[in-house]
Amino acid sequence: MKIAKEGKVQIRSKSKFLTLIFYISLVILSSCSRSASQRGLIVAGSTSVQPFADRWAEVYMQKYPGRIVNVQGGGSSAGIQAAKLGSAQIGSCSRELREDEEDLYETVVARDGLAVIVHPSNEISDLSLEQVREIFAGKIRNWKGVSGKDKTITVVSREEGSGTRGSFQEMVMGKVRIFKSAIVQDSNGTVREIVANDPNSIGYISLGLVDKRVKALKLDGVLASEENIFNHHYKLVRPFLFVTNGPAKGEVKNFIDFVLSQEGQEIARKAGLIPAGEGER
Amino acid sequence: MKNLQRNEKLVQISLLAVAFSAVSILAIITVFIFEEGSPILFKHGIKNFLLGLNWYPTEQSFGLLPMIIGSLFVTLGALVIGVPFGLGCAIFLTEFSSRRLRQIIKPIIELLAGIPSVVYGFMGVIILVPFIRKTLGGPGLSVLAASFVLGIMILPTIISISIDSLQALPPSYREGSIALGATRWQTTKMVLLPAARSGIIASIILGMGRAIGETMAVIMIAGNAASIPRSILDPVRTLTSNIALEMGYASGEHRQALFATGIILFIIIMILNWIANITSARRKA
Amino acid sequence: MHLDPRAEQKIVQTILWLFTLMTISVLFFIIVFILKNGLPVLNIPFLTANPQDMGKSGGIFSTIVGTLALTILAILIATPFGVGTAIYLTEYTRENRVTRVIRFGSECLAGIPSIIFGLFGFILFVNKLKFGWSILSGSLTLAFMILPTIIRTSEEAIKAVPRSFSDVSYSLGSTKWQMVTRVVLPSAIPGIVTGIILGVGRSIGETAAVIFTAGSALRIPTSLFSSSRTMAVHFFILAREGISMPNAFGTAAVLVIAILIINIVTYRIMHRFIRKYR
């Protein structure tokens with residue numbers, strides 16, 4: 001260990017400061033050199049829409065190398081907020097816009113059926129809308145109340161603010177609240193997981209996400225299928241919206257055009273959604 | 001020479017500024033949380049907020065009581081598991097095992113602390129929840145599941161701080177007691193534990209803080225029903241899950257309500273930390 | 001009930017031994033379970049390919065990148081402040097009100113739940129400062145979270161350096177700063193590094209704070225402002241939504257192995273460090 005000359009000492013202490021300043025400038029410089037457009041197009045919002053938006057983005061970016069689309073979750077309401085504030089160019093949501101959101105520009109990119117699901121082993125395959133409402137309201141607590149086994153029903157719902165829950169509330173529950181002791185999970189996939197593992201459960205998810213591990217109930221005798229949505233027999237349908245602050249322009253328009261194109265809509269259909277043009281109420 | 005002095009002064013001042021970073025961050029966080037959350041507390045009234053039974057934010061109903069009770073139950077449950085096992089391990093490792101054994105086991109317990117909470121939650125979902133559902137009934141996502149997993153998660157905290165407290169006791173305590181003819185256990189029970197009491201209590205309180213603050217694992221296994229659980233097999237929602245579940249979706253008043261939940265949580269944890277500090281300070285005095 | 005004290009001790013000893021055994025077995029069970037189900041999934045393609053189809057297929061490469069980016073940046077930000085604070089507390093003042101305030105701030109920060117950090121990061125970095133969901137927001141938040149850890153361990157490390165070192169340095173005519181940077185710090189490095197590694201461990205496993213600040217985008221981040229997904233977040237999403245159990249286990253296995261390595265390394269360093277100065 002040497003004792004430096006006076007000059008060297010000053011360099012030493014200076015170098016510590018310099019390192020600190022270096023770190024700080026690294027951070028600041030990076031922020032200056034990045035403009036919004038280099039971040040790419042941001043699509044944020046509904047977790048229901050997210051997997052599909054991601055698929056669209058994937059194909060879009062393959063088709064047009066150099067263009068970037070970033071898909072985020074966060075939820076329908078957050079997506080709308082983001083679009084309003086500009087933190088995302090496109091907000092995605094899985095429910096109709098509310099009155100106070102009407103000033104935003106919406107584009108229907110697909111439609112999605114809402115399926116009420118139970119465990120595959122559940123003997124019940126058909127319920128009336130009324131019964132579903134009573135179950136989710138907590139009035140019917142046991143499966144035997146709808147001619148099933150003598151087992152307590154495990155009700156699974158989505159969290160407040162979810163577009164899926166909003167649609168379910170609007171289309172099934174009406175003014176009746178979903179009861180407090182319902183299990184709450186924060187995405188379609190999680191709800192499906194729970195219903196797939198609990199023989200006594202019931203829940204609602206995006207029709208496009210129904211797979212072999214859960215069973216979609218017939219509502220009032222109508223099977224939840226694409227066909228039945230087209231011919232308006234199955235009533236639980238909600239729009240997937242891309243919301244923008246004003247009409248879409250530039251990059252945003254390019255992406256939305258792609259999504260609405262035949263290729264984009266084919267992707268939607270293959271993934272389990274209803275193409276935007278059909279199934280309108 | 002004067003240059004050297006000046007540099008030294010400069011260094012000292014900048015280090016002081018740096019040292020205040022932690023405090024400033026704490027201050028900023030406090031300011032932000034309170035700023036975002038208080039408007040709604042004033043608008044709806046703190047009493048309604050804290051004692052209200054109904055959490056339906058989209059309909060302007062912001063009752064937090066079920067979640068407060070939820071956090072309470074789950075934390076108490078965690079302590080029921082964490083304290084006996086934690087204290088038991090600590091006592092075993094300090095009083096009834098060889099140095100070798102201690103050197104092997106202590107790192108293992110520290111490893112427990114390093115496992116991410118989502119992995120704990122995952123194990124709970126895959127193994128514990130179905131087990132509870134099949135053998136005890138209910139949906140499995142329950143107070144019981146959450147307490148169990150949280151209990152395991154706070155073990156390392158309780159164990160390591162209790163070990164430190166016990167090891168910090170002067171050897172004369174042990175020696176004196178043994179010299180009087182007591183067994184090691186009698187020594188532990190009647191001399192050491194009372195003497196290390198404040199440190200042990202501090203460890204428990206810190207464990208409580210950890211349990212109350214845990215989010216991810218709880219979301220995965222507690223069921224998140226916004227109602228007061230009537231048995232340990234009922235689903236439950238804690239203050240932390242409340243925030244995490246709805247944060248992404250919330251806007252306007254809903255979001256403020258979540259921040260207000262954050263305020264409540266923050267205050268509870270600060271109080272716990274303060275108590276823990278005082279208790280362990282008393283030990284040092 | 002008056003048991004013979006020796007008998008009572010035997011019973012208690014057995015119970016305590018049992019408790020300890022059970023505690024350790026829980027840990028082993030978790031690690032074995034994750035590794036048993038996850039190791040088969042781990043192969044070069046898994047680690048080097050990007051997630052496809054929301055993670056149902058493909059690998060976890062982008063999440064590894066995301067985790068590294070967030071962690072490294074968080075460490076870079078937190079370390080100067082943490083070590084600086086520790087230096088100030090140990091070498092530049094005595095115990096007084098100011099140091100108590102600083103310590104109090106650090107302890108409190110350590111006790112704040114991660115979800116509050118997430119909230120805070122979301123409001124400040126993502127929204128108010130308009131960084132958006134990004135690596136920048138995420139690592140700043142993480143840096144705040146691990147700061148107390150680094151302060152604490154650095155302080156311990158610096159305190160452990162024998163006074164004789166600094167005395168000799170002074171007697172040879174050095175300034176305080178010289179002594180700190182050329183004598184004390186180099187000797188305290190192992191301890192400081194331990195703190196850093198502990199911070200790394202914490203960052204890797206952190207989910208709540210990261211989801212709300214760095215987001216969950218699946219692509220490889222291209223800039224500080226890109227959103228990115230960490231392994232912990234990816235695991236969380238995969239597992240909960242049942243997208244792919246094998247992949248979830250694989251991700252968890254990587255996490256667990258990382259934590260194992262971190263702990264072993266930390267342990268080694270601490271051991272050598274302590275032995276050096278005892």
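Ala44(A) has Gly91(A) as its bridge partner in β3(A). This is a predicted model.

**Strand β3 of chain A**
- Strand β1 of chain A (residues 41–45) and β3(A) run parallel, joined by three bridges.
- β3(A) is also joined to strand β11 of chain A (residues 237–244); three bridges link them, and the strands run antiparallel.
- In β11(A), Phe242(A) stands opposite Ser92(A).
- Strand β3 of chain A (residues 90–93) is covered on both faces. Ile90(A) and Ser92(A) are buried on one side, Gly91(A) and Cys93(A) on the other.

**Largest nonpolar core**
- The largest nonpolar core holds 255 residues. Val119(B), Ala145(B), Val149(B), Ile221(B), Leu119(C) and Leu147(C) have the most contacts inside it.
- Helix α7 of chain B (residues 143–167) gives the most to this core: 16 residues.
- Why does this core lie between domain 1 (5–41) and domain 2 (44–276) of chain C? Both domains give residues to the core, so it lies between them.
- Leaving out residues up to four places away in sequence, Val149(B) touches Tyr120(B), Gly121(B), Gly124(B), Leu128(B), Ala217(B) and Ile221(B).

**Chain B overall**
- Chain B has 13 helices and two strands.
- The C-alpha trace of chain B spans about 75 × 70 × 30 Å along its principal axes.
- Chain B has 285 residues, and 54% of them count as buried.
- Take the contacts in chain B between residues at least 6 apart in sequence: 74% join residues at least 24 apart.

**Contact between chains C and B**
- In this contact, 66 residues of chain C meet 63 residues of chain B.
- On the side of chain C that touches chain B, helix α1 of chain C (residues 5–38) gives the most, with 18 residues.
- That side of chain C has 46 nonpolar, 15 polar and five charged residues.

**Domains of chain C**
- Chain C is divided into domain 1 (5–41) and domain 2 (44–276).
- The C-alpha centres of domain 1 and domain 2 of chain C lie 30 Å apart.
- Seven residues from domain 1 of chain C and eight residues from domain 2 of chain C make up their contact.
- The side of domain 1 of chain C that touches domain 2 of chain C has five nonpolar, two polar and no charged residues.

How values were computed: Residues are numbered from 1 along each chain as its sequence is written. Chains are lettered from A and ligands numbered from 1 in the order in which they are written. This is a predicted model: local features need pLDDT of at least 70, side-chain atom pairs count only at pLDDT 80 or more; totals for chains, interfaces and linings use all residues. A nonpolar core is a set of buried Ala, Val, Leu, Ile, Met, Phe, Trp, Tyr and Cys residues joined through C-beta atoms within 7 Å. A residue is buried if 20 or more other C-beta atoms lie within 10 Å of its own, exposed if 12 or fewer, and partly exposed in between; C-beta atoms are placed from the backbone. Helices (H or I, at least four residues) and strands (E, at least two) are DSSP runs, numbered from the N terminus. Domain bounds come from an automatic or database domain assignment. Two residues are in contact if their C-beta atoms, placed from the backbone, lie within 7 Å. Ala, Val, Leu, Ile, Met, Phe, Trp, Tyr, Cys and Pro count as nonpolar, Asp, Glu, Lys and Arg as charged, and the others, Gly among them, as polar. Two strands pair if DSSP finds at least two bridges between them.
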